Amino acid sequence: MTRHLDLIGIGPGNPDWLTLAAVDAIQHLDVLFVVLKEHDVDDLVEFRREVLRRHRRGVFQHGHRPDAEAVGLRIVELQDPPRPWKTAEDYKEAVATWRRQRLDQWTHAVADNLADGQRGGFLVWGDPGLYESTLAIVKKLIAAVDADGGVPIELNVIPGISSSLSLASRHQIPLNRQGRALQISPARLLADGMPEGVDDVIVMLDGRRTFSLIDPTGIDIYWAAYIGTPDEILISGDLAEVREKILTARADAEQRLGWVFDTYLLRRR
């Protein structure tokens, strides 16, 4: 027998932005592993519920509690380990430790809850292949199962609409320009400004508002938060002229909602 594990990309926050393949996968799951992140907010939990409500017939039909067992779906909740790297002295080691903790937890959860012949799945924010650790951890989990001679796990990765592509769609711009490279980067690598020889950079994971700290000369920004949701905010223009507007909008939204996910494109004119 073989067990199956699907990593299902669900996009940045709009339950309509799922592919037909993702919807089909959700319909055929026996077990759904739900990762509850530290300080997970109600909006993010509700989004996952809405994905199931729309794309798994019979789930969440009675109030806010999951009516999942009745339609053959078992939900296993995994409380994510704390994420210490914002304050850790050794960033890489902090991330490695966190991934090891995730791997240990997920290995036990899959062993205890995914039986021979069953199909399990993770709902993955955005796309499983872009700034997402789920795929790397699950591949280690599967390799360990193979090494131990356990019941094999067949992996299926279903792409999702990334926040980067959603950003381009919502601002109605192409991410690349003819004959030029596009770079995707975490904000911490842009502390000294735009890289030499790169004119277009998609910036992810900017908890420190790096866009407001770099030299804005000759740079445009296309910024978005809560992409695809009713709370979506879009701001674009000359970075020198709009960065204070973005800071104000970001702070106001974070205070009102308790969280913020944003991404942006920096483009050299």
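These legends describe close-up views of a predicted model. Local features need pLDDT of at least 70, side-chain atom pairs count only at pLDDT 80 or more, and totals for chains, interfaces and linings use all residues. Residues are numbered from 1 along each chain as its sequence is written, and side-chain values use heavy atoms, with hydrogens and water left out.

View 1. Strands (E, at least two residues) and helices (H or I, at least four) are DSSP runs, numbered from the N terminus. Two strands pair if DSSP finds at least two bridges between them. Strand 8 (residues 219-225) pairs with strand 9 in the antiparallel sense over 6 bridges. In this pairing, Tyr222 stands opposite Ser236 of strand 9.

View 2. Contact means heavy atoms within 4.5 Å.

View 3. Leu32 sits in strand 2 (residues 31-36). Its relative accessibility is 1%, so Leu32 counts as buried. Buried means under 20% relative accessible area, exposed over 50%, and partly exposed in between (1.4 Å probe, protein chains only). Beyond residues up to four places away in sequence, Leu32 touches Leu52, Leu73, Arg74, Ile75, Val76, Gly121 and Leu123. Leu52 is also one of the buried residues of helix 2, which include Phe47 and Val51. The cover over the buried residues of helix 2 includes helix 1 (20-27), strand 2, strand 3 (74-79) and strand 4 (119-124).

**View 4. Aromatic pairs.** Rings of Phe, Tyr and Trp (its six-membered ring) pair if their centres lie within 6.5 Å; planes under 30 degrees apart count as stacked, over 60 as edge-to-face and the rest as tilted. The count comes to 6 aromatic pairs. Phe33 and Phe122 have ring centres 5.3 Å apart and planes at 20 degrees, so this pair is stacked. Phe33 belongs to strand 2 and Phe122 to strand 4, so the pair ties together parts 89 residues apart in sequence. Both Phe33 and Phe122 are buried. Ring pairs link Phe33, Trp106 and Phe122 into a cluster. Trp259 and Phe261 have centres 5.0 Å apart and planes at 75 degrees, so they are edge-to-face. Trp259 is buried at 11%; Phe261 is partly exposed at 47%.

**View 5. Loop residues with positive phi.** Most residues other than glycine have a negative phi. Tyr131 has a phi near 50 degrees. Tyr131 lies in the loop between strand 4 and helix 4 (134-148) and is partly exposed at 39% relative accessibility. Gln172 has a positive phi of about 60 degrees. Gln172 occupies the loop between helix 5 and strand 6 and is exposed at 73%.
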